[in-house]
Amino acid sequence: MTEEQAKQIIEQLRQRKIEEYMVQKEDFLVFRSVLVAQEDFKHFRGEAQRGGHVLFTYLDTPRS
């Protein structure tokens, strides 16, 4: 995954074009580095899955 691909996925989640996205273990560090740079990064929820993958969703209310 490239940083540009991660930005596109984040924008799709933000705009509700997709409800969730599974980030593969090998792509997590790239995805996370782009995600934490977003102003609304606290609206994103990452749920760890078996095998090191993470399922991301976008929340209306930021997590605390």
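Two exercises with worked solutions follow.

The model is predicted: local features need pLDDT of at least 70, side-chain atom pairs count only at pLDDT 80 or more, and totals for chains, interfaces and linings use all residues. Residues are numbered from 1 along each chain as its sequence is written, and side-chain values use heavy atoms, with hydrogens and water left out.

**Exercise 1.** Determine where Leu-13 lies and which residues it contacts beyond its neighbours within four places in sequence.

*Solution.* Begin with the secondary structure: Leu-13 belongs to helix H1 (residues 3-14), helices being DSSP runs of H or I with at least four residues and strands runs of E with at least two, numbered from the N terminus. Next, consider accessibility: Leu-13 is buried because its relative accessibility is 0% (buried is under 20% relative accessible area, exposed over 50%, partly exposed in between; 1.4 Å probe, protein chains only). Then list the contacts (heavy atoms within 4.5 Å): Ile-18, Glu-19, Glu-20, Tyr-21, Phe-44, Phe-56, Thr-57 and Tyr-58.

**Exercise 2.** Identify the aromatic pairs in the whole structure and classify their geometry.

*Solution.* Phe-31 and Phe-56 form a tilted pair, at 4.9 Å centre to centre and 45 degrees between the planes. This pair joins helix H2 (residues 28-35) to strand S3 (residues 54-58), across 25 residues. Phe-31 is buried at 0%, as is Phe-56 at 6%. Phe-44 and Tyr-58 are edge-to-face, at 4.8 Å and 75 degrees. Here strand S2 (residues 44-48), holding Phe-44, is linked to strand S3, holding Tyr-58. Phe-44 is buried at 1%, and Tyr-58 is buried at 17%.

Note on methods. Phe/Tyr/Trp six-rings, centres within 6.5 Å; stacked < 30°, edge-to-face > 60°.
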